Amino acid sequence: MTFSVHGLAVSRGIAIGRAVLVASSRADVAHYFIDAAKTDEEIMRVRDARNAVTEEILRLQKDLPKDAPHELAALLDVHLMLLQDEQLISGVKRWITERHYNAEWALTTQYETIARQFDDMEDEYLRERKADLEQVVERILRRMKGVGSPIQPVGQAGASRKQSQQDLLLDDTMDVPLVLVAHDISPADMLQFKQSLFAGFATDVGGKTSHTAIVARSMDIPAVVGARSGSQLIKQDDWVIIDGDAGVLIVDPSPIILAEYGFKQRQGELERERLNRLKHTPAVTMDGQHIELLANIEMPEDTLGAVKAGAVGVGLFRSEFLFMGRNGKLPDEEEQYLAYRKAIEGMHGLPVTIRTVDVGSDKPLDKLAEKAQDSHLNPAMGLRAIRWSLADPPMFLTQLRAILRSAAHGQVNLLVPMLAHASEIRQTMRLIDHARAILDSRGVPYGPVRLGAMIEIPAAALTLKVFLKYFDFLSIGTNDLIQYTLAIDRADESVAHLYDPCHPAVLRLVADTIAECDAQGKGVSVCGEMAGDPSMTRLLLGLGLRSFSMHPSQILAIKQQILRADTGKLASWAEQVMASEDPAAMLQSY
Ligand code: PEP
Ligand code: MG
């Protein structure tokens, strides 16, 4: 029966596909399609791993000391029984033979299916067997690790999005579009899906500017976050429509609903085609103002999309994505240098703004760190971004050296996140000088960099003079600026309705930062999600902003707004908006 689940719209468009439920803890399992001829081989991989785990448990059982607690022996019996479970074995086989999922994916999919049944059981003892099943699956996965192929970018999803709805209803083979449904996915795990096979995403938690949502948006596929119990209500393999425009999931849609959404999907595609025609049009307003459209990237490879979208540089390279999901082993100077250099070369001479590492809060380094962070009450206000860097000078110096060295290969801007105190600024400056001195003493070449600071804490926006004394340019991080001005956790869906980019206090801080930079002849841009939101473009232009940094997928929509804008008229209108009690209403009625 058709039902809908409401969440937050984070990435536009409509995706229609079968649900793949992914447990947060298992999002890092490889997901790819195997060749039809290799199904037997793939089944063998799981079987071998399962047999190895069985032997391992039998050995454990044999070596169990005589005085071992009875529960332990019973537990091993349960694990042995689960390893032989017919539903697990036949289900895995089915996912592999019928859907051509790789072994790990098939195993975790079947685990999710059975786990649901355990959840629904009345009997508490049986319900608790879910944890045992999880351990057994974990053991098999560990056995298979290293044997599997890497995650493979598969074109099927994109291609199959063009199928007609009729086909979708009839076709039950591997060529069916898939949508990922999860309780939560960390930004790092999300990143690994970037080149993957999913046509859309939905998660239970997260706000519009949570980093998971930001990565989903950068993938330019429909996504909904904050769908609360969505992953509980949706079953493995259900048909789901992800309406990324309205923030709604429609489960098990009727043919009429499918036809309606198929129509919407085609409308969206047409709109994209129309926007594509603007690719080579310069971003100039009706009154002749040239506007700089820059790209936000997470990985060096993202420069490809940035250039393709017509970005005139990278306004924000979130370098922390190089640091995440590595089990605490941080990238060394050489690895970072090569990554930054790759991004610089990818931009073919256009400027690249590299932000120093901003881990912490909703961007944990890895799962262990995430657990450790959970124990802190307010991770968003804790040791993140520059605070984390200044707490570990050798780590920070390594990154600074890598950035300075990469600057020998092109125009580099070095951007520092989350500064609030003059003392932090001075400390950062000293470390940058120190990094240069180390390179000098080693005789290693490096290049000049322009230095910039993120304005994302209200305290920074209220003390601009000290920032402008030290920095060449400022970049307004509206995602955090909103979070800290309004005291709204940007990743918490339960307060998402209060996360308001148009709150007069937020707009005041943004407007003053732009005006102060203008007055002092310093560069200023916005690199938070506000820059890529077409409903905010006119206001930002009216406030004097001439540089916008956003995900490449947003660039054309923003350019369209710019081409229709007259900054002279917008300046006086912006003044009225700023004076209004309800700026959002004024934006809508323009
Ligand atoms: C911001 O806070 O607006 C920003 C661009 O940084 P991030 O989203 O990575 O915190
Ligand atoms: Mg930020």
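Helices (H or I, at least four residues) and strands (E, at least two) are DSSP runs, numbered from the N terminus. This is a predicted model, in which local features need pLDDT of at least 70, side-chain atom pairs count only at pLDDT 80 or more, and totals for chains, interfaces and linings use all residues. Residues are numbered from 1 along each chain as its sequence is written, chains are lettered from A and ligands numbered from 1 in the order in which they are written, and side-chain values use heavy atoms, without hydrogens or water. Ligand 1 takes the space of the second largest cavity. The protein buries 100% of the 280 Å² that ligand 1 exposes when taken alone (Shrake-Rupley method, 1.4 Å probe).

**Ligand 1 and its shell**
- There are 17 residues around ligand 1 (a heavy atom within 4 Å), and Arg318, Arg355, Gly477, Asn479 and Arg490 come nearest.
- Arg490 places a side-chain N or O atom 2.8 Å from an oxygen atom of ligand 1.
- For Asp480, the corresponding side-chain distance to a ligand 1 oxygen is 2.9 Å.
- For Lys363, it is 3.1 Å.
- A polar contact is a pair of N or O atoms within 3.5 Å.
- Helix H10 (211–218), strand S10 (314–318) and helix H21 (478–486) each supply at least two shell residues.
- H21 gives the most, with three residues.
- The shell has eight charged residues (Asp, Glu, Lys, Arg), four nonpolar (Ala, Val, Leu, Ile, Met, Phe, Trp, Tyr, Cys, Pro) and five polar (the others, Gly among them).

**Cavities overall**
- The whole structure holds two cavities of 30 Å³ or more.
- A cavity is a set of points, on a 1 Å grid over the protein atoms alone, where a 1.4 Å probe fits but cannot get out; lining residues have an atom within 4 Å of a point.
- A volume is the space filled by probe spheres set on the points, which are joined across faces, edges and corners.
- A molecule sits in a cavity if more than half of its atoms lie within 2 Å of its grid points.

**Second largest cavity**
- Its volume is about 80 Å³.
- The lining has 16 residues, and Arg318, Arg355, Met454, Glu456 and Asn479 lie nearest the centre.
- S10 and H21 each supply at least two lining residues.
- H21 gives the most to this lining, with three residues.
- By class, the lining has eight charged, five polar and three nonpolar residues.

**Largest cavity**
- About 120 Å³ of space lies in the largest cavity.
- Its lining includes Ile43, Arg47, Leu88, Lys93 and Ile140.
- Helix H1 (39–62) and helix H3 (86–99) each supply at least two residues of this lining.
- Seven lining residues are nonpolar, three are charged and none is polar.

Key. Polar contact = N/O pair within 3.5 Å; in protein donor to acceptor, adjacent residues only side chain to side chain. 1 Å grid on protein atoms, 1.4 Å probe; cavity = no way out; pocket = protein on both sides within 12 Å on 5 of 7 lines; lining within 4 Å.
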